[in-house]
Structure formats: structure tokens, C-alpha cells
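Please review the following briefing alongside the sequence and the model.

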Amino acid sequence: MRTRIENVTLITTDEANHLYPQGCLVIEDDTILALNDFDLEVDEVIDGKQGLLLPGMVNTHCHLGMIPFRSLGDDCPDRLRRFLFPLENAAMTRELAQASARYAAAEMMLGGVTTVFDMYYFEDALAEAMSEMNMRAVLAETIVDFANCDSGEPYGGLAISEQFIARWKNRHPLITPAIGPHATNTNSAEALKQAQAIAERYDVLLSLHAAEMDYEMEMFRKEKNQTPIEYLESIGLLSPHLVAAHCIHVHDHDLKLMAQHGCRIAHCIGSNTKAGKGVAPLKKMIEQGIPVGLGSDGASSGNTLDLFSQLPLVGKAHKTANHDRSLFPAKEILPLATLGGARVLNLENQIGSLTPGKKADLVLVETQSVNMFPIYDPFSALVYSANASNVDSVWVNGVQTVKHKQLVKHDLRALRADLEAKMQVFKAEAQRRSEDL
């Protein structure tokens, strides 16, 4: 099956960041076959109506099961330990997490995200949900030092992770397993080493929250006279397997270590600034040659799961932090959400750019809405003018999942109704705990 999408501006976000006005792209089955070849015989022609065609966006850090937490306790200090962990343990279930993941996938695809890295619980159920929704996903079971909703004992996620990885590795075209020790301060050195051994044994990514919290930084300074990154290096956790989320408080020496060991970073500017944690040194990360992608974080932390909401924040926050209006032009920001994210997830040979031979993960952004006129610079329009509602169509692995701003094979209202029905116990518990804040 060959499909040509024409009457579009191609924004490739490839190595040279090519842009082709009045271009076309041809898909054959699940693969990009050609750019700007109007002579190829095709089975279907899609009129892009002067839209912008770009690679599917890659969300490098998310918690799919946390849709039920959205707008809950947003302004609560120390929310994670006082509110989120306890509520999760009291009311999160496999069925709720799976329904949340389906809804999260719908939200992301409607907003132009075609690939996500998730760290949560019940990842086997979440993998089934992502397969059902036809969304590309790298999925990691959370490992923590206390009993949780998915394990009755501390570090139970280690055994769950190994079983999950063994079941899913190289078994599904869209699902890639990984492992996810929660954070530097919620895992012992021994647990982190065990997680690393699993990552190496199965050759999968390992992700954790690092250099994110003030109290995390203070703990490592007082107890070890190290930064969290120096600590990870001392126990052998820095490697090409590592995707470190946040990294707000990293020092120059930390970044040098991460670059030397081939680590990757998920930059979550929205959740970082919403929580008042600070602005990560993105400029220095990129100067060190560290692969960096964008992450939405979970719906409790960043509230929305699309990356269009992250793009302008990257520009505005880092221009402000560096007092430099010219820093990070839009042409450099957009690839962080596509090819940059693909590099972080070790998928750059498959996705991240409009390149013949890569998988057909595509997003068509319409330009007819009020906020999309005029367009002098397509990169600037996408970064500073566009939002998730401008996404017209989405393809994942050659399959169209969104058409004219609607899910193709799923009913959003049904997904919401299913999630809401499974949230009743959760909502009651959340209300009770909210009254105590």
C-alpha cells in the first residue's frame, strides 16, 4: 500500500534540518519511501491542504498511569511524598493504570506525539494498552524502596522488570521494554546495581529521576559529599543505557561525566518550572554533546502530555535564564521533540526525521486555524504559534491513528467514560486526602 501526502511543507528535522515547501512524502506500508517524488505510482493521495508535515514527536519522560492525578494538589508543597505516593499505594490498580494509559495515548496522539517513554507500574498491562492504541512506546516498570501498588515488598519491581523485559523484548513492532529505578534517593546502591545489571543483560534502557529535588541534592552533599550524578558514576550507573530525567541541578563536572559515559537526558521544562525547581542547563548539556529530548512528565506534574506545550517553554525559559534572546532559535528547538527524542531512546535509526527508510511516524499540522496565519517561518510557527489542537492527522508505523482531529479506531468519549468508571474509588480517596492538605 502506497500513500502520497502532498500539498504540504516538509519539515524533516533530519541532520541538516531540511525544509521543503510545496513538497510531498510517499509511505509504503510502515515505511517512508520517498520525499518529493510526485511521479511514483501510489494507491492513495492525501491533500495536506498547505499543512506542515513533520516527524512524530517523541515524549522521553512520562507516567502513563497518572491521568487520574491531573489537577490534583497542583500547589501542594512536597506533593510527591505527602500526597502522590500515599494515594498511589491506596487506590491505584492494574485496571485503572491501563485505562489511564489508553486515555494518555489518545491525548498524546491527538497532540502529535507518536512515541513515549513511560515509567510507571503494571507495565505489562500498559504495554497491552499501547499495542491496542497503536502507539510506539518504551516502557519501564518502576522500582522503589517501599511496597507499592504493584508489589507488596520493597524493590519488588526488580523481579517484575526482568519478567516484563523477557516477555516483550523483540516481540512487538511498537513496544520496547526498559527498566526504571525511580530515583537516586528512592533506591539503594545495591538495587541500582541490580537494575543496571538487568539493563546490560538484556541491552535495554534504564531511566531514573536524577538531580531533580533540592532535598535530593542536600542529602547526597551531606551524606556522601557528592552530587547525585557523581554518586551514580561511583556505583557504575553512568552508561549509554541511562536516560536521566530532569537533571535540573547538574554541575559542569556532572555533565562532563555524563558525556564521557554516553548518557542521555529527558528535559522536562514544563513540570520543572511548574514545581519551581529551576531551569536545567540545557545549553551546557547540548554543548557537551549529550543527547537531549523533551518530556512532558506525568499528568500530575506537567498536566498535559503533548510536546507542543513544551516547545515555547524551552525557548522562553532558556532565553530568560541565559539573558539571550537569540539563544535556541525555533529551528533548534523543534528537533529536540523529534530527532533529539529518538536519539535519547536509541531509536534514531527508526524514527525522528522524515528520511526514506525510516518508519512512517508522521504528524500533519493544519495551517487554517486563526493562530496559524501568517507563517513566515514554519519552525517558529510550530514552536511559538501552534498548539496540540492544530494537529490534523497522525500516522504511527504507517497506520493512520488520527484523521481530521479525531481518533480513527477509537472513540475518545468511550475511553474517557471507561477511565472515569474505574476512577470512582480513586476519586473518593483523593477527595479525602485533599481535605487533609
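Just after helix 4, asparagine 170 adopts a positive phi of about 60°. Helices (H or I, at least four residues) and strands (E, at least two) are DSSP runs, numbered from the N terminus. This is a predicted model, in which local features need pLDDT of at least 70 and side-chain atom pairs count only at pLDDT 80 or more, while totals for chains, interfaces and linings use all residues. Residues are numbered from 1 along each chain as its sequence is written, and side-chain values use heavy atoms, with hydrogens and water left out.

- The twelve residues of helix 4 (residues 157–168) should span 16 Å at 1.5 Å a residue, and the end C-alpha atoms are 16 Å apart, which agrees; the expected span is 1.5 Å times one less than the number of residues.
- Gly157, Leu158, Ser161, Phe164, Ile165 and Trp168 of helix 4 are buried, where buried means under 20% relative accessible area, exposed over 50%, and partly exposed in between (1.4 Å probe, protein chains only).
- Seen down the axis of helix 4, these buried residues fall within an arc of 125°, so they line one face of the helix; the arc is that of the directions from the helix axis to the C-beta atoms.
- An α-helix has 3.6 residues a turn, so residues three or four places apart point the same way.
- The cover over the buried residues of helix 4 includes helix 3 (123–133), strand 7 (136–143), strand 8 (175–181) and helix 5 (189–202), with contact meaning heavy atoms within 4.5 Å.

**Helix 6**

- In helix 6 (residues 214–224), the residues Glu216, Met217 and Phe220 are buried.
- Viewed down the axis of helix 6, its buried residues fall within an arc of 100°, so they line one face of the helix.
- Asp214, Lys222 and Glu223 are exposed on the other side of helix 6.
- Strand 9 (206–210) and helix 7 (228–234) pack against the buried residues of helix 6.

**Leucine 205**

- Leucine 205 lies in the loop between helix 5 and strand 9, and it counts as buried at 9% relative accessibility.
- Beyond its neighbours within four places in sequence, leucine 205 is in contact with Phe117, Ala178, Ile179, Pro240, His241, Val243, Val344 and Leu345.

**Cysteines**

- The count comes to zero disulfides, a disulfide being a pair of cysteine sulfur atoms within 2.5 Å.
- Cysteine 149 is in no disulfide, and the nearest cysteine sulfur, that of cysteine 62, is 16 Å away.
- Cysteine 149 counts as buried at 17% relative accessibility.
- Cysteine 24 counts as buried at 0% relative accessibility.
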